[in-house]
Amino acid sequence: VQLQASGGGLVQPGGSLRLSCAVSGSILSIKVMGWYRQAPGKQRELVASVGSGASTNYADSVKGRFTISRDNAKNTVYLQMNNLTPEDTAVYFCNAGLQTAPLWVQNYWGQGTLVTVSS
């Protein structure tokens, strides 16, 4: 089982990026999917999450700017990031609760993708 994140890069303040994270491997179902970020010298923090029923949760710092969504047919979670600021600079990690066997759900992390917001 693997989570493959992509979409990071360098963007100017006010710009947009879209992150993607695809789940591959043998799984029975995907529970909550989310994005976390870790800036230099700071702890990893939750950015946004989306449940299996599409309910969403956002950090206050990104509300109104970021949108999380999932495509269950593609086992993929997305993070659309608009109006980016330098404070959004961080390594972004995707996370998913994956059911790999009956009654067994495990937390998995992607490899991280760097987002740099700078002029």
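How far apart are the closest N and O atoms in the salt bridge that Lys63 forms with Asp60? They are 3.1 Å apart, where a salt bridge is a side-chain nitrogen of Lys or Arg within 4 Å of a carboxyl oxygen of Asp or Glu.

## Basis

This is a predicted model, in which local features need pLDDT of at least 70 and side-chain atom pairs count only at pLDDT 80 or more, while totals for chains, interfaces and linings use all residues. Residues are numbered from 1 along each chain as its sequence is written, and side-chain values use heavy atoms, with hydrogens and water left out.

## Salt bridges

The count comes to four salt bridges. In the pair Lys63 and Asp60, Asp60 counts as exposed at 66% relative accessibility (buried is under 20% relative accessible area, exposed over 50%, partly exposed in between, with a 1.4 Å probe and protein chains only).

Arg37 meets Glu45 in a salt bridge with an N to O distance of 2.7 Å, and Asp88 in another at 2.9 Å. Strands are DSSP runs (E, at least two residues), numbered from the N terminus. Arg37 is buried at 6% relative accessibility, and Asp88 is buried at 1%, whereas Glu45 is partly exposed at 36%. Salt bridges that share partners join Arg37, Glu45, Arg65 and Asp88 into one network.

## The open sheet

Four strands form an open sheet in the order β1-β3-β8-β7, with antiparallel pairing; two strands pair if DSSP finds at least two bridges between them. Because β1 and β7 stand at the edges with a single partner strand each, one side of each is left without a neighbour in the sheet. Neighbouring strands are turned by 15° against each other on average, direction ignored (axes are lines fitted to C-alpha atoms, and angles run from 0 to 180 degrees between N-to-C directions).

Five bridges join the antiparallel strands β1 and β3. Across this pairing, Leu3 stands opposite Val23 and Ala5 stands opposite Cys21. On the β8 side, β3 pairs over six bridges, again in the antiparallel sense, and Ala22 has Thr76 as its bridge partner in β8. Ser20, also in β3, is buried with a relative accessible area of 19%. Leaving aside residues up to four places away in sequence, Ser20 touches Gln4, Ala5, Ser6, Trp35, Thr76, Val77 and Tyr78, contact being heavy atoms within 4.5 Å.

## Disulfide

The structure holds one disulfide, a pair of cysteine sulfur atoms within 2.5 Å. Cys21 and Cys94 form it, with their sulfur atoms 2.1 Å apart. Cys21 lies in strand β3 (residues 17-24) and Cys94 in strand β9 (residues 90-101), so the pair ties together parts 73 residues apart in sequence. The torsion about the S-S bond is about 50°, so the disulfide is right-handed. Both Cys21 and Cys94 are buried.

## Nonpolar core

The largest nonpolar core has 32 residues, and those with the most contacts inside it are Trp35, Leu79, Met81 and Tyr92. Such a core is a set of buried Ala, Val, Leu, Ile, Met, Phe, Trp, Tyr and Cys residues joined through side-chain atoms within 4.5 Å. Elements that give two or more residues to this core include β1 (2-6), β4 (29-38), β8 (76-81) and β11 (113-117). The largest share, five residues, comes from β9.

Not counting residues up to four places away in sequence, Met81 touches Gly15, Ser16, Leu17, Leu19, Arg65, Phe66, Tyr92 and Val115.
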